[in-house]
Amino acid sequence: MILEAVDIHKSVFMGDREIRILSGISLAVSAGDSIAITGPSGSGKTTLLGILAGLDLPGSGIVRLLGQPFSEMDENARALMRNGKVGFVFQSFHLLANLTALENVSLALEVVPGSRDIRQRSQHALSMVGLADRAEHLPSQLSGGEQQRVALARAMVINPAVLFADEPTGNLDHGTSEMVIEMLFSLCRETGATLVLVSHDTRLADRCDSRFRIEAGKFVSGS
Amino acid sequence: MKRIIRQLRFGEFRLLLAALLLITIALSTVSTLSNRMEHAMQMRTSAILGADAMISSSRPLDERYGELARDHGLELAESISFLSMVSTREKSLLAGVRAVSGNYPLRGEIVTRHPDASEVVRRNRQGPAQGEIWAAEQIIGELGVKTGEAVNLGELAVRSTGQILLEPEGGAGILRLAPRIVMNIEDLEATGLLTPASRVRFRLLFAGDQEELNRFKVAITPRLGSHERWSDADISREEVRSTIGRIISYIRLAVLLSAVLAVVAMGLAAHGLRARQVNEAALFRCLGQPGLRAFRIVLEPYLVSGIPVVLAGALIGFCVQEAAAWFILEAGGIELPPASPAAYSVIAVICLLAYIIVLTPVLVSVSRVPPVVLLREAETDHLHNNSPTVCSVFVLIVLIVILLSGDWVLSAIVLTGFSLCSVLLWWGIRLLIAFLAVLIRPRSSCWYIAFKMIFSNPGRSAWIAGTFGIIVFSLILLWIVRSDIFEAWERSLPDHAPNLFLINIQDSDRQDLIRLLDRHAITEALLYPIIRGRLAEINSAPASRSVPDSEESRHRISHEFNMTETDVLPRDNHVSAGTWIPAHGHGFSVERETAELLGLGLGDEIMMDVSGGTFKAPITSIRDVQWENMQSNFFIIATPGLFDGAPRNYITALHVEPDPDALSFEVARNFPGITAINLEMILKRFRILIEQGSGAVSLIFLFALLCALLVLAGILQGQRSSRRLEIALFKSLGASGSFMRSAVMGEFILIGSLAGLLGGGLSVLTGRMLVRHLLELPFEVSWAWVLVGISTGVLVITITGYWCVRRLFHVAPVRLLSLDTG
């Protein structure tokens with residue numbers, strides 16, 4: 001298993017009041033698979049994605065990513081584990097506003113020690129998402145769909161073992177969403193990356209090998 | 001380097017670096033310039049003294065004093081002064097002779113010219129050679145001595161090789177009675193003039209490192225006898241000290257404002273960068289960078305770019321202060337000590353520290369940000385809280401005010417005043433907006449939208465108008481003070497300022513002198529009696545026990561005051577307390593600073609000792625004296641008749657065109673006892689000082705203006721997102737680009753008017769207080785400054801505001817409504 005979660009619990013406190021976000025979530029994902037986590041707003045799906053990706057820690061339970069039980073690691077150790085192996089696509093893109101599309105993509109390689117041919121690989125990643133001619137444009141000069149494609153290129157340029165995507169089409173119109181979905185799956189298929197995504201979009205979820213529905217912090221269905 | 005270039009694409013980062021550059025320039029300019037000016041004043045005082053310090057006595061000085069001074073590494077010179085007759089075969093004249101060692105003066109110079117009164121001026125840093133003398137123009141004129149001709153001093157014949165124009169102790173000697181001769185001390189014995197009965201003043205002069213001098217002073221003071229007195233360079237000519245002191249005060253004020261504005265601009269920029277950098281750090285963590293590395297990657301560009309900017313600022317500061325120093329002092333003929341490189345290092349470190357302090361909220365946020373914020377953006381809401389930035393900016397402002405003022409009390413007053421003005425302006429503008437919202441119902445749709453934008457965002461409008469109100473307030477105040485300083489100087493130095501002083505006028509010569517002056521068409525000469533006396537008692541107690549315990553006050557009462565009698569208040573004197581002429585009986589009028597120094601107040605009865613006779617009367621008025629006016633000014637003035645029977649002579653100050661030389665020669669020829677002092681050279685220097693000082697001060701004012709623009713740009717940059725949204729909404733409802741441009745410009749015009757109205761009003765109200773207490777100038781301020789404030793506010797806010805949002809007017813609403821990534 002490339003990703004495994006066992007009996008994950010997570011709560012937050014509002015003053016003295018405990019609010020349970022996740023209760024006893026378990027799942028296992030094989031290398032090269034794609035899974036979708038769906039559910040209504042506030043059901044805990046984004047929190048679960050953060051925990052699976054090692055961006056956040058569970059209250060209790062064990063998470064193994066790439067065979068390493070990182071739920072006991074500190075933030076720095078988890079970061080090093082992600083380095084060069086995990087890609088992210090966010091709903092709000094999170095492109096750096098002062099960098100061009102090419103520089104945003106290069107960034108992912110620049111932080112991986114020993115990276116070579118950064119410019120060529122970044123240009124290649126951009127051409128894979130159809131933005132070779134927009135390489136020198138700043139995010140503010142790109143449409144929402146183009147920004148998300150740059151974010152996708154940034155995630156894929158390192159050939160990640162696992163790609164985490166949080167509502168990747170949440171800020172896009174229908175047509176653009178279709179294009180981004182198509183690119184997302186084809187790139188994962190070509191590189192053999194495992195895809196874990198969170199979405200409301202049923203079209204997106206339907207494309208995945210497995211789907212998990214979460215409500216009030218628990219899986220209510222899975223296939 | 002790549003990262004720095006990338007960061008420079010952020011307007012906030014450019015603003016941050018520009019503010020850092022300006023604050024470095026401002027601080028390095030002012031600290032170095034004011035230090036150099038203070039040193040220059042010290043040097044000038046030293047030049048007047050001829051040394052950094054001296055011991056004088058009526059008896060020969062103990063040789064061990066000299067040995068002790070050498071042990072402290074000080075340079076030594078000697079002078080002996082006495083009165084003697086100087087003669088040729090035909091004539092003789094009483095002269096004040098000063099015999100000096102070869103290395104005299106240790107500071108300053110003796111300016112001489114050829115005895116035949118040619119235009120060749122020599123600046124001598126050493127006294128005359130053996131066998132030679134330099135003499136005052138009266139001696140040369142009266143005795144008819146030509147170049148190289150001999151005159152007799154006692155048993156010795158010496159050659160006259162120079163005519164004295166300026167000499168050390170000239171300031172103090174302005175009222176010395178006899179015209180001066182300077183000779184070499186090695187010739188003194190041969191003259192045979194000194195006998196045990198001679199009335200002689202012996203002086204030992206010292207120069208060297210200030211700290212060594214202080215240690216020497218501590219060591220020597222207890223050994224000094226009652227007839228020996230220590231003097232150092234702490235008292236300079238009142239006119240120059242007052243003039244340069246005001247320039248320094250003004251520069252400090254202007255730079256304080258520039259520095260505060262630059263810090264605010266830095267704070268605004270840092271606040272804008274905080275949210276961006278936190279996101280960037282979170283992204284780096286997501287991409288697998290451990291906390292410290294992510295922290296370093298994000299902040300390295302800031303720290304790395306801060307250092308060259310500070311160095312560049314220090315370099316520019318050096319050039320600016322060199323230019324300003326040249327304008328203010330060197331063009332005025334005043335020598336400047338070199339700038340110390342250490343001072344620049346200290347300023348550079350201080351500015352880097354300021355930069356780091358202002359970046360601290362960014363550093364803290366970036367170091368703490370968890371990567372999960374990229375998934376849950378609500379977790380970054382706290383980043384919009386500006387309290388950390390406000391705190392860091394406030395801490396920095398406090399530190400800068402203390403650093404520049406060097407005075408805790410003054411700092412507290414300035415900070416409290418500044419905070420009060422800010423609160424007043426903020427609430428004044430909020431109230432004004434609320435009032436206008438009720439009162440105004442504009443019909444034009446464009447103005448309607450402009451008003452709506454203000455009324456629906458009172459906080460945003462008050463923030464920009466309040467801040468710019470403070471800026472308008474400060475800039476107007478700075479300009480008023482600047483104008484007033486120079487107007488005061490202009491007033492004090494009109495074209496007909498006196499350029500010739502005639503002193504030592506005896507009562508018997510008065511009528512003849514007036515007739516001579518009449519022949520030269522000088523009819524308004526005021527002859528003031530000069531009575532010299534010591535302050536003996538205050539309220540029937542010895543003055544030495546009554547004055548406050550300070551070195552300056554002890555020094556003051558150990559000297560004779562130049563006093564006069566008159567019932568006409570001299571020009572540029574203002575009675576600040578009491579009555580100029582008492583209703584009955586006699587009274588004294590005392591100059592305000594002297595009264596404060598000696599702890600004298602209205603009603604105090606003082607007794608003056610004039611040549612053994614005593615004269616007692618109450619103080620009936622306290623006067624402010626404008627020392628720069630170059631007139632005959634007096635510390636103490638008595639009502640006519642109070643000094644009846646006291647020995648006196650007279651003084652007058654005249655304006656003679658084109659040059660007073662001819663008249664002074666004629667006076668010297670007809671009245672051998674009268675000393676004529678030509679002030680033309682000093683006046684020329686003084687005028688240049690004022691003219692060039694004006695240019696330099698304007699240069700400093702420019703800093704404040706630039707910093708103000710930076711602050712405004714920072715605020716507008718911060719408000720860009722909300723304006724973007726507003727313009728998008730109105731455009732989506734059908735407003736055209738040009739309509740929105742008019743509406744937004746209307747909003748800026750209204751905000752500018754509010755800022756200018758309140759800022760201008762506040763500056764007029766507080767200006768009087770500040771100018772009176774800090775710069776000690778009489779102040780008249782016109783309400784027209786409010787109009788100036790409104791016009792400045794409208795112009796600057798409209799132009800800067802429009803510049804910041806100009807690109808938004810023609811962008812499609814759908815683009816404007818998309819996420820703000822620009």
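Visitor: Why is A:Ser122 called buried?

Guide: A residue is buried if 20 or more other C-beta atoms, placed from the backbone, lie within 10 Å of its own. A:Ser122 has 24 C-beta neighbours inside 10 Å, so A:Ser122 counts as buried. Bear in mind that this is a predicted model, where local features need pLDDT of at least 70, side-chain atom pairs count only at pLDDT 80 or more, and totals for chains, interfaces and linings use all residues. Residues are numbered from 1 along each chain as its sequence is written, and chains are lettered from A in the order in which they are written.

Visitor: Which residues does A:Ser122 touch, not counting residues up to four places away in sequence?

Guide: They are A:Leu102, A:Val105, A:Ser106, A:Leu109 and A:Val157; contact asks for C-beta atoms, placed from the backbone, within 7 Å. A:Ser122 itself lies in helix H4 (residues 118-128) of chain A, helices being DSSP runs of H or I with at least four residues, numbered from the N terminus.

Visitor: What puts the buried residues of H2(A) on the same side?

Guide: In helix H2 (residues 75-82) of chain A, the buried residues are A:Arg78, A:Ala79 and A:Arg82. They cover an arc of only 105 degrees around the axis, so they sit on the same side of H2(A); the arc is that of the directions from the helix axis to the C-beta atoms.

Visitor: How many residues of chain B are in contact with chain A?

Guide: There are 26, and they meet 29 residues of chain A. H7(B) gives the most to that side of chain B, with seven residues.

Methods
Contact = placed C-beta atoms within 7 Å. Helix = DSSP H or I, 4+ residues; strand = E, 2+ residues; numbered from the N terminus. Buried ≥ 20, exposed ≤ 12 C-beta atoms within 10 Å, placed from the backbone.
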